[in-house]
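Please look over the model below. The report that follows covers charged side chains, a few backbone features and some contacts.

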Amino acid sequence: MEGFRARAPGKIILAGEHAVVHGSAAVAAAIDLYTHSSLHLLPASEEDGAGAVEVDLRDTGLVFSWPCARLREVFGDTAGAAVNAPKPCSSDELAAMAELLEQEHIPEDKIWLAAGLSAFLYLYTSILGCRPGKAVVKSDLPLGAGLGSSAAFSVSLSGALLAAAGAVRPQAADAGTEWGSFHKEDLELVNQWAFQGEKIIHGKPSGIDNAVSTFGSMIKFKKGEFTNLKSSNPVKMLITDTKVGRNTKALVAGVSERASRHPDAMASVISAVNSISEELSSIVELAADDEVAITAKEEKLAELMEMNQGLLQCMGVSHCAIETVLRTTLKYNLVSKLTGAGGGGCVLTLIPSLLPNSVLEKTTAEIESHGFRCFQVKVGGRGLQFCRG
């Protein structure tokens, strides 16, 4: 069987969450936690057999399969004919996929997988038609924690599918690694398809998560416009997953309601967040050539993160679990802020380049003693990557 592998990074919001809905700038960055999608296609000589399309969601322990003949009944023989022209999933196609998924008997406690499986079916049949094959998906990212796991799923899957279809041409692997990158025009096509997957999962996504996962590095976004940022110095973060679920729509609505009740005060809050995001964008691109300059740059980033967290508290989107992380890291003179929707989810802690490992270990141990989970990540790295075989 011919094999294709792709991996796409998760993301964090460094500044501007919630305020971005009200016209503020925000800054997002890729992190080196990945979702991996591998795809194996049957040889052409076997395609005339019954065959099936199978997806193994390795992290859930669940495998789903659909006979190719049944998929042809649903999607027709023209599936996969417009691989270079991504189109939205129609309401009829959504209804047909819902019927297919009903027959799979998804466990009740995993019913949230239905949206992702719909995205898988749509991307697979739109790009490869009803050719038999097997996909395996596994991830370093905690699901539903605000780190862009669904976007990384859509991006990595789209990359592997498009490579299998011959619609994109991955570059050779970088020296010392098995992973290679894609040309910019190919990444554009991947991003367009991934956005269609995100729309199936989320309804009306901003496109930020899939853009960061596809192109990597850092992105400033404001009122629908994206600006690529280049960080000249490595930035490291400790991410804490509080394991507290949150309702993003309710949190966004709560901020809007507070803005309606206190328009002048909240306008000032949003304006302040915008200033923080703009300044942070400028700082990350500044070159720091020595230890003193790097420390000064990190101190400015920490101050902006601290101010942004205070403003997020003004918006009412913090949580007792988030506050526990903030108090813990403050004991070690470290600065933290929530990332994403808030109300639980994940917290970022800036790791200064001169921080002793012993302090980082103590901080991590104390945070995890509360039942939370920590990850050390590098910020602003590579986007989608590919490996053949």
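K11 is found in strand 1 (residues 2-15). Strands here are DSSP runs of E with at least two residues, and helices are runs of H or I with at least four, both numbered from the N terminus. K11 is buried, at a relative accessible area of 6%. Buried means under 20% relative accessible area, exposed means over 50%, and partly exposed lies in between (1.4 Å probe, protein chains only). The side chain of K11 makes a polar contact with the side chain of D209, at 3.5 Å. A polar contact is a pair of N or O atoms within 3.5 Å; within protein, one must be able to donate a hydrogen and the other to accept it, and residues adjacent in sequence count only if both atoms are side-chain atoms.

This is a predicted model, in which local features need pLDDT of at least 70 and side-chain atom pairs count only at pLDDT 80 or more, while totals for chains, interfaces and linings use all residues. Residues are numbered from 1 along each chain as its sequence is written, and side-chain values use heavy atoms, with hydrogens and water left out.

**Contacts of buried residues**

T339 sits in strand 9. T339 is buried, with a relative accessible area of 2%. A polar atom of the T339 side chain lies 2.8 Å from the backbone nitrogen of I13.

N274 belongs to helix 8 (residues 263-284). N274 is also buried, with a relative accessible area of 18%.

**Salt bridges**

Side chains of opposite charge can pair when their charged atoms come close. A salt bridge is a side-chain nitrogen of Lys or Arg within 4 Å of a carboxyl oxygen of Asp or Glu. How many salt bridges does this rule give? The count comes to 13.

| Pair | Closest N and O atoms |
|---|---|
| D109 and K110 | 3.8 Å |
| K184 and E188 | 3.1 Å |
| K222 and E278 | 3.9 Å |

The K222 and E278 pair links distant parts of the chain. K222 is in strand 6 and E278 is in helix 8, 56 residues apart. K222 counts as partly exposed at 27% relative accessibility. E278 is partly exposed too, with a relative accessible area of 26%.

K184 and E188 both lie in helix 5 (residues 184-202). They are four residues apart, about one turn of the helix. K184 is exposed, with a relative accessible area of 55%. E188 counts as partly exposed, at 31% relative accessibility.

In the remaining table pair, D109 is exposed, with a relative accessible area of 55%. K110 is partly exposed, with a relative accessible area of 22%.

Salt bridges also link R70, E73 and E99 in a network.

**Negative surface patch**

Which residues form a negative surface patch? They are E279, E299, E303 and E306. Patches are made of residues with over 30% relative accessible area and no salt bridge; like charges are joined within 9 Å, and nonpolar side chains (Val, Leu, Ile, Met, Phe, Trp, Tyr) within 5 Å. Accessible areas come from the Shrake-Rupley method with a 1.4 Å probe, and for residues only the protein chains shown count as cover. Lys and Arg count as positive and Asp and Glu as negative, while His and the chain ends are not counted. The place of a charge is taken as NZ of Lys, CZ of Arg, CG of Asp or CD of Glu.

Helix 9 (residues 291-315) supplies the largest share of the patch, three residues. E303 is placed in helix 9. E303 is partly exposed, with a relative accessible area of 48%.

**Positive phi in loops**

K223 is not a glycine, yet has a positive phi of about 50°. K223 is found in the loop between strand 6 (218-222) and strand 7 (225-229). Is K223 buried or exposed? K223 counts as exposed, at 67% relative accessibility.

N333 is not a glycine either, and has a positive phi of about 60°. The loop that holds N333 runs between helix 10 (320-331) and strand 9 (336-339). N333 is exposed, with a relative accessible area of 70%.
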